[in-house]
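Have the structure open while you read.

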Amino acid sequence: MLILTCPCCGVTADETELAGGGEAHVRRAGPGASESEVEDYLFMRENPRGPHFERWRHAYGCGKWFLAARDTATLEVFGTYPAQTTEPPEHIRAAITERHPGWRWRDFS
Amino acid sequence: MSTRRYSAFALAREALRDHLGWQRAWAKASPKPRYDVIIVGAGGHGLATAYYLGKNFGIRNVAVLEKGWLGGGNTGRNTTIIRSNYLQDPSAAIYEKSRALYETLSQELNYNVMFSPRGVMMLAQTEHEVRGYKRTAHANSIQGVTTEFISPERVKELVPIIELKGPRYPVLGALWQARGGTARHDAVAWGYARACSDMGMDIIQNCEVTGIRSEGGQVTVVETSKGEIGCGKLGLVVAGHSGVLAQKAGFRLPIESLALQALVSEPIKPCMDVVVMANTVHGYMSQSDKGEMVIGGGTDAFNNYTQRGSFHHIEETVRALVETFPMISRLKMLRQWGGIVDMTGDRSPIISKTPVDGIFVNCGWGTGGFKAIPGSGWAMAELMAKGHSPLSAAFGMERFREGRFIDESVAAGVAH
Amino acid sequence: MSARLPTGGRLLDRSQPLDFTFDGKRLHGYAGDTLASALLGQGQMLLGRSFKYHQPRGLVASGAEEPNALVGLGEGAFFEPNQRATAAELHAGLTATSQNHWPSLEHDVGAVNSALTRFLPAGFYYKTFLWPRSFWKHVYEPFIRQSAGLGKPPQEADGSTYEHFHVHVDLVIVGGGISGLAAALTAGREGREVLLIEQTAHWGGRAVVDAPQIDGQSAEDWVKSALQELETMANVRMRTRTMASGLYDHGYLMAYERVSDHAPATPGPRHRLWRIRAEETRLATGALERPLSFAGNDVPGVMLASAVRDYLVNWAISPGDRTVVVTNNDDAYRTALALYRAGLAVPVIVDARPQVTGALPQAARDAGIRVEPGRAIVKVDGKKRVTGVEIGLQLGEGGAMEHIACDAVAMSGGWSPAVHLWSHCGGKLTWDEAQALFRPDASRPPRGDKGQPIASVTGTANGHLGTAAALADAGLELDVSEPAEEPMAPVWIMPQGAGPALKRKMFLDYQNDVKVSDVELAAREGYESVEHAKRYTTLGMATDQGKLSNINGLAVLSGALNAAIPATGTTTFRPPYTPISMGSIAGAARGPLFQPVRRTPIHGWHEANGATWEPVGQWRRPYAYLKGAEDRHTAVTREVQAVRNSVGLLDASTLGKIVVKGPDAGRFLDMIYTGRPSSIAVGKCRYGLICNENGFLVDDGVVARLAEDTWLCHTTTGGAEHIHAHMEDWLQCEWWDWQVYTANVTEEWAQVAVAGPKARAVLESLGGMDVSKAALPFMTWAEGELGGLPARVFRISFSGELSYEIAVPADRGMELWEALLQAGAAHGVTPYGTEAMHVLRAEKGFIMIGEETDGTIIPQDLNLGWAIAKKKEDYLGKRAQERPHMADPKRWKLVGLEADGGAVLPEGAYIMAPGENANGQRHTQGRVTSTYYSPTFGRGIAMALLIHGPDRMGEMVEVTDGQGGAITARVCDPVLYDREGERLDG
């Protein structure tokens with residue numbers, strides 16, 4: 001039973017109050033995108049064993065989507081942040097670096 | 001004289017000398033400098049691949065590398081259901097091939113995998129599910145898979161402990177595959193391992209792959225915790241860890257790894273002879289030969305590499321099953337655990353060539369891999385040996401780019 | 001023979017005798033007894049049969065670790081199999097039955113297996129039963145299944161209730177022994193919010209039995225004063241009979257309270273599951289004594305030394321007249337001394353250690369008890385009861401030097417901390433060489449969401465076996481007086497050089513009949529990983545989850561592999577610590593509370609008027625209304641005809657209704673829908689399709705423009721929440737700069753479809769707003785008043801008839817329904833259900849999400865290209881629909897089918913094509929998506945997907961009949977009814 005803090009309403013909620021939404025920071029490939037861009041967008045996922053960025057919705061709370069940085073092997077949560085961004089905030093990246101120096105996730109490090 | 005072949009006679013003979021003459025089931029092995037084929041992953045699928053490479057194609061200079069202990073991944077963690085009542089042609093073909101191989105696997109491997117064709121029943125609890133399962137029955141009727149849609153009365157006959165009236169979702173019928181069933185999961189891995197070892201293949205446990213090298217787009221070397229090993233061809237058969245290995249080989253896979261939950265009750269005397277799956281309420285249950293009720297639940301909604309049980313999924317599953325089988329309320333949960341399942345975009349597997357020549361991948365079995373072990377190994381071996389297999393043809397990874405799904409959830413929202 | 005002593009028993013209330021039955025025999029005990037102590041008190045030593053060999057088995061332990069004494073308790077709806085007699089508190093009228101035997105416990109036919117033990121070693125079933133093939137299913141397996149299993153399955157639905165309890169505390173302490181109490185005192189005095197739980201009915205753990213002096217008083221008195229102090233603290237909560245079952249991710253702790261198992265007549269729940277979020281979890285779970293592995297260590301009468309002490313001190317039980325103590329440590333001498341003090345004979349203490357010099361052995365010698373160092377029990381004599389032991393050298397091979405008559409054996413192989421909860425969530429262990437035990441490694445704890453440790457361990461569970469050290473570990477430095485103990489010596493096989501004949505009788509896992517010889521066989525056959533050995537032999541997989549057998553088995557495996565114990569490793573501990581009822585897991589969410597039904601404002605009327613239900617999403621909708629003796633088919637036919645000929649009413653309240661509003665709402669909807677809702681004029685309606693990013697059609701419905709900046713989107717019944725979430729996802733995560741609000745108002749409105757040629761007449765007789773063709777043409781909507789109710793009226797049709805959908809505030813829904821019934825009475829107004837709705841729409845050729853679509857269908861497949869705005873640059877799913885397979889002209893397309901002779905085609909049928917594929921499967925070219933009997937046309941009608949379908953009108957195709965044969969059908973236009981649309985436009 002994970003606990004995550006919703007950055008929108010500030011509530012620290014059990015997993016049962018939340019809905020997972022898969023990988024974060026996926027860039028939409030719309031009209032004009034190449035076949036391989038579409039494939040990447042729809043199917044290719046980082047799926048790392050380690051630090052990961054993912055989407056959550058506070059489904060049985062404020063209803064807002066937010067993003068989380070979480071380790072998929074230890075389940076440690078490095079932080080949560082609003083969904084209205086295209087990259088993880090600096091302080092969360094720093095928190096990951098503290099635990100996993102030299103980490104890399106797509107273009108982020 | 002030591003004893004290799006298993007039989008009642010051998011057992012009696014060994015009994016008289018305190019079982020001191022049994023040989024190792026599989027030989028201890030350390031890596032040679034090079035193999036024709038290396039399979040990474042000594043789970044059921046990896047071992048079956050190696051076995052059919054040897055048996056069907058005479059390729060025996062093979063090593064199977066395993067990070068931990070063989071059969072320690074999903075092979076040893078699943079709820080052992082075997083069925084082939086799939087909707088889509090490619091799925092029905094490979095799962096039925098698999099089921100048919102299970103029928104004679106004990107004799108073929110000289111290792112009792114306890115395949116028990118006790119019958120698999122998938123309950124229809126909404127009108128939508130009724131239509132979906134009828135559709136599957138029609139598809140099966142021309143795919144060579146024997147299934148039928150049965151009435152609630154027949155359901156009750158086969159499963160006396162079921163509550164037909166619901167109360168939330170009445171049982172409206174079921175898709176019934178009489179020759180589906182279960183097998184002993186560990187024995188499948190052990191039996192294949194023993195047979196591979198007998199063919200001279202090396203099964204190397206506690207050997208982690210740390211890197212994969214290729215030259216000119218052709219795989220050459222596997223780097224491991226036990227040193228570098230050369231290979232002609234490489235098969236990656238590591239389920240939830242496929243993405244991590246693919247990355248080492250320099251390509252990506254449309255795979256996500258999630259935790260799937262399962263539990264068993266304490267053993268009781270036989271009270272349910274068939275396997276029952278209830279998809280509307282998300283639970284399935286069978287009774288093992290030991291007497292435990294073996295119960296499968298849902299997956300987490302997030303990527304997860306821990307093999308731990310989480311409580312709320314179990315809670316949801318048990319609630320559903322208590323409604324369906326009221327008597328289990330007074331049984332006790334003995335043990336719960338999780339396995340890491342590898343899910344693709346259409347929830348169907350990948351058996352495929354990869355962007356690197358000589359590297360093949362077999363993964364994405366999601367929550368349904370155990371039943372596919374023999375068929376998957378058969379198809380993967382053919383693909384690796386000949387470059388093409390009719391059974392695996394539809395499961396290439398290019399299908400995602402083309403938008404050609406093999407979606408099994410369409411009929412009645414059935415997970416695997 | 002075991003017996004009750006005339007005096008003593010610290011937990012007994014002899015003033016309250018209790019009657020109970022065991023296998024139908026009427027027996028007596030006292031309040032304070034467990035079923036186990038009461039049975040021993042009545043001389044009942046044989047309590048069960050083992051799993052595989054059906055060996056006679058008696059009590060080994062006194063607590064949760066008991067592997068043998070499993071019984072069925074209760075009767076009928078209150079029967080429960082596999083209950084540990086040691087954990088069942090005696091109550092008046094308790095009914096217990098022994099398990100796993102036929103015909104009786106004393107005479108078990110299955111025990112024939114035990115004569116064959118040498119033919120049935122670990123994994124024997126993997127090596128045989130191979131031929132003939134069909135025999136596994138029909139002969140061998142049924143035999144194995146019958147002889148396996150333990151208790152009988154309950155026959156009835158559960159008569160008890162259960163509940164869950166959510167708590168948040170600063171500190172939860174697991175275990176109510178002195179370490180747990182000390183930890184609670186320390187934290188309680190600091191003012192922290194504490195929850196202290198204990199799995200048994202009593203506080204004090206082992207100390208109250210072993211009786212050290214603590215802080216100048218007896219352990220019993222110290223515990224009493226600790227409890228008194230804790231009870232005065234408002235910040236400390238205490239619960240007995242509450243077992244921590246599992247520690248889960250991010251520190252979630254589950255505890256299982258057996259509220260009324262000890263007093264079944266008590267009203268309220270039987271079990272309560274505590275779901276605990278604590279800042280800190282402290283484990284004071286104590287330790288479990290290990291058996292010793294000698295031949296015959298499973299004969300009834302061989303018990304753990306600590307259990308013998310427990311039965312004697314707590315319940316005044318003499319395990320026998322003459323008890324031999326066998327040990328590798330000093331602690332077991334306490335048992336010898338306790339027996340001596342109770343006036344019972346201890347003929348000898350067999351100690352495997354070569355030298356025995358400690359204070360406790362000295363006390364035994366002083367009491368005149370014979371102590372034999374360097375000795376082993378070579379073999380236990382007796383079958384259903386110990387009759388004596390053979391003594392030999394521990395370093396020998398099993399030669400007997402002496403026979404000693406006795407009727408009980410108390411054994412101790414040392415102690416293992418109960419580290420289960422620590423390990424559940426990833427805490428690691430370290431091997432303590434001196435004490436030969438695994439204890440928690442504080443440097444590698446289970447970790448939580450911030451990477452912080454989520455559990456700590458205190459006292460005996462932390463490897464501090466002495467009282468003073470355990471208390472100090474829990475934060476209390478107190479004067480403790482107890483004898484100093486000399487080091488134990490690890491002894492894993494007794495005697496050390498025992499041969500196969502003895503090893504075959506040394507049991508490691510009592511319940512599953514796993515012996516030393518089995519583990520050695522596993523190692524010899526290459527099952528070397530501890531997990532392989534466990535699974536091959538089934539060691540530790542019984543209902544006690546290896547509480548007694550894990551370490552002994554691991555040590556034997558290590559010995560066989562010539563490896564150090566920590567190098568061999570441990571198996572993974574899985575929750576729960578001891579089994580918990582399925583009922584408690586399900587909690588209160590049963591029956592009507594299991595997935596509660598969503599109800600429309602008109603639901604009650606349907607229920608009262610013959611509705612036969614169809615579950616749709618979380619709702620139940622009337623499938624049809626049965627009148628008199630009607631069956632479903634007749635009712636549906638009547639309802640369809642009523643709509644076609646006069647007028648029908650459908651409760652459409654379950655249809656999703658989502659309001660989308662804001663300056664960018666039009667632009668947003670143009671992305672969500674394949675069409676262009678932004679171009680709908682205010683007051684107008686338009687049919688719209690929603691696809692996902694894979695291009696697949698997921699929902700449809702009519703969109704109405706309510707105002708310049710406001711749209712109302714209707715969705716399918718099952719789709720409302722999903723589509724609302726889908727919209728919010730895109731708004732929040734992709735186009736967060738667009739100014740749009742969405743609101744799911746599905747339950748704000750009751751909505752009724754009035755359909756049929758007389759629909760207008762019915763509305764007009766209600767009175768109110770103008771619903772004429774001129775004022776309210778097809779695909780428009782208006783707001784006004786109907787029959788005195790504020791209403792929105794939509795001129796839309798899913799039946800092909802003249803039709804209005806009337807929405808009123810939800811609390812007026814029933815009024816509207818009744819007003820319509822009244823107003824329509826003159827026209828024979830007929831409520832109709834979902835099936836009639838399906839038939840009506842199919843006659844008209846309208847597609848239905850979930851029927852014509854299945855998650856792999858794109859709008860183009862359904863000839864719905866007209867609902868896609870071709871010139872639009874983008875919408876969700878547009879790019880995906882351009883992928884090769886999506887644009888393939890060979891995709892199956894929507895057509896109608898007419899079977900020969902007007903038959904109804906079977907549901908789910910496939911349309912076959914000649915030949916087979918490479919896997920020998922018959923080719924297909926399409927499939928039936930919907931098929932009904934049409935009352936309007938008096939024959940079967942069907943919709944289907946077919947390759948090049950629209951170009952093949954009139955062609956004959958072969959459809960599967962499901963029995964291996966085929967039905968011939970003609971391809972036709974899917975629109976059969978009112979192709980010109982005059983009726984719905986009327």
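Domain bounds here come from an automatic or database domain assignment. Keep in mind that this is a predicted model.

## Two domains in chain B

Chain B splits into domain 1 (27-80 + 185-254 + 346-410) and domain 2 (113-180 + 257-343). Taken over C-alpha atoms, the centres of domain 1 of chain B and domain 2 of chain B are 29 Å apart.

## Where the domains touch

At the contact, 18 residues of domain 1 of chain B meet 16 residues of domain 2 of chain B. On the domain 1 side, helix H7 (185-198) and helix H8 (242-249) of chain B each put in at least two residues. H7(B) gives the most to that side, with three residues. What is the make-up by class of the side of domain 1 of chain B that touches domain 2 of chain B? That side has eleven polar, five nonpolar and two charged residues.

## A sheet in chain C

Over in chain C, six strands form an open sheet with mixed pairing, in the order E44-E45-E46-E43-E37-E47. Strand E44 (781-786) and strand E47 (830-831) of chain C sit at the edges with a single partner strand each, so one side of each has no neighbour in the sheet.

Strand E43 (residues 749-755) and strand E46 (residues 803-809) of chain C run antiparallel, paired over seven bridges. Ala755(C) stands opposite Ser803(C) in E46(C). Helix H23 (residues 759-766) of chain C packs on this sheet and touches E43, E44 and E46 of chain C. The direction of H23 in chain C makes about 130° with that of E43(C).

Key: Residues numbered from 1 in each chain as written. Chains lettered and ligands numbered in written order. Predicted model: local features only at pLDDT ≥ 70, side-chain atom pairs only at ≥ 80, totals over all residues. Contact = placed C-beta atoms within 7 Å. Helix = DSSP H or I, 4+ residues; strand = E, 2+ residues; numbered from the N terminus. Nonpolar A, V, L, I, M, F, W, Y, C, P; charged D, E, K, R; others polar. Pairing = 2+ DSSP bridges. Axes fitted to C-alpha atoms, helices over the stretch in contact; angles between N-to-C directions.
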